[in-house]
Structures are given as structure tokens and as C-alpha cells.
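Please look over the sequence and the structure shown here before reading the briefing that follows.

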Amino acid sequence: TEKEYILDGGWTIQFDPLRGGPKEPVTVEDLSDWTLSPDPRIRFYSGPAVYCKTVELHGLEKYILHFQEVHEVAEVSVNGNKVATIWCSPWEADITDYVAEGTNELRITVTNVLTNSLIGESAKPASLRRIYTYPDIASPSDPLVPSGLSGRVWITDYPSITKTLKLYGWTVAESDFPSPGNSPSTGTMASGSSNVLSASGSEEV
């Protein structure tokens, strides 16, 4: 039976005030694109921001943390331990080795691109800009780039590739797939795996 924890509500986000972000942590119930915020300090923010949440976890053999959208890079820490850096699909990390039965502290540091700050600063007189380029490479009319975590964050006891393969009629010969969490510097499955997959009714390869 597939199990999952939906990590809704109760997220706090700490932006860097030295990069133009709010000084106090921001509490949100739903995770959304920073560029949709009515607060210009968040809408035009570029740099790292730290998402924190306390979660109760019990009873799973494996704990795979999934993100619906990440813009652009997320560094995952669990109970003070760095687990993985996620930068591409699948947006997930195996956090099993760092989870305690009961209360756990999640810390996700997300870094976006510089574009949004350049767009925000371009609307100011040159003498008041915090950052600038010469010549200008951004203007107030430029579209903002999606930033931060958006949508769902959830934990399951299986990596997403397992479910995808089942949908296409594949069976998994070994359930212990490598995942982003097994390597702190990669966002894809580890290479060199000896796991064997077989399509239903076909010869194993």
C-alpha cells in the first residue's frame, strides 16, 4: 500500500534582508511563486531563501521527499544534516537515513536567478539601486522569472520513477532505487546502477 504525507501549511520562509528581502520570517499556508507576492521585497527578490517546517513522521520503510516545482535549486536538510541538492527532474530526495521516528525538522534552501532583482532595481534611479549592470540588461517591463517552491510538497515511501514505470507496464526487479538523496551534488538518479527493470511479458535486460 502506497503511503504519503502531504506537507501542507505552516511553512516559514526566511529571506536575506541584505539582498532586499524582508527582515522577519514570512509564514505561509500555501507555497507559491515569489513573483506573485504583493510584497515587492519578495516579488523582486533574487538569492537564497530558507523554508522551514516541523513534521511528524512514522511508519515508513523509506522516506522520499517530493517537490512539485523548484525554481531554481533546492538544498535539502533534515534534522540539521545536508541530504541533497536538487536542480532538475525528478524533484525528489531520499531522506530515509536522516529521518527520526516522530518529530523532524525540514530545511529547504532555495536559490533563484538574479534576473528578478535586476528588473526590480531597473525601475529606480541609478543612484538608489542596490545592484546594477552596465549597460542595463533588464527593464521594468521585462517578465519576471518563476522563483521559489510552488505547489505541493509531499513524502512517500517510493521514488516517482517506480510509479511511472508501473503505469507503463514495467516491473521493478529491485525496489531499492538510487535517488537524488544518495548523492549530495546531483539531481538525477546515480549512474552505474545494477538494478534490472523488465517490461511485462518481455525478457529482462
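**Briefing on the predicted model**

Strand β4 (residues 48-57) pairs with strand β9 (residues 102-111) in the antiparallel sense over 10 bridges, where pairing requires at least two bridges found by DSSP. This is a predicted model, in which local features need pLDDT of at least 70 and side-chain atom pairs count only at pLDDT 80 or more, while totals for chains, interfaces and linings use all residues. Residues are numbered from 1 along each chain as its sequence is written, and side-chain values use heavy atoms, with hydrogens and water left out.

**Strands and helices**

- The protein has three helices and 12 strands, taken as DSSP runs numbered from the N terminus (helices are H or I with at least four residues, strands E with at least two).
- In the pairing of β4 with β9, Ala 49 stands opposite Val 110 of β9.
- Strand β6 (residues 73-78) also runs antiparallel to β9, joined to it by six bridges, and Val 78 has Leu 106 in β9 as its bridge partner.

**Burial and contacts**

- Of the 205 residues, 40% count as buried, meaning under 20% relative accessible area with a 1.4 Å probe and protein chains only.
- Among contacts (heavy atoms within 4.5 Å) between residues at least 6 apart in sequence, 70% join residues at least 24 apart.

**Surface**

- The accessible surface of the protein, computed by the Shrake-Rupley method with a 1.4 Å probe, comes to about 11100 Å², of which 54% belongs to carbon and sulfur atoms.

Technical notes
Buried < 20%, exposed > 50% of the residue type's maximum accessible area, 1.4 Å probe, protein only.
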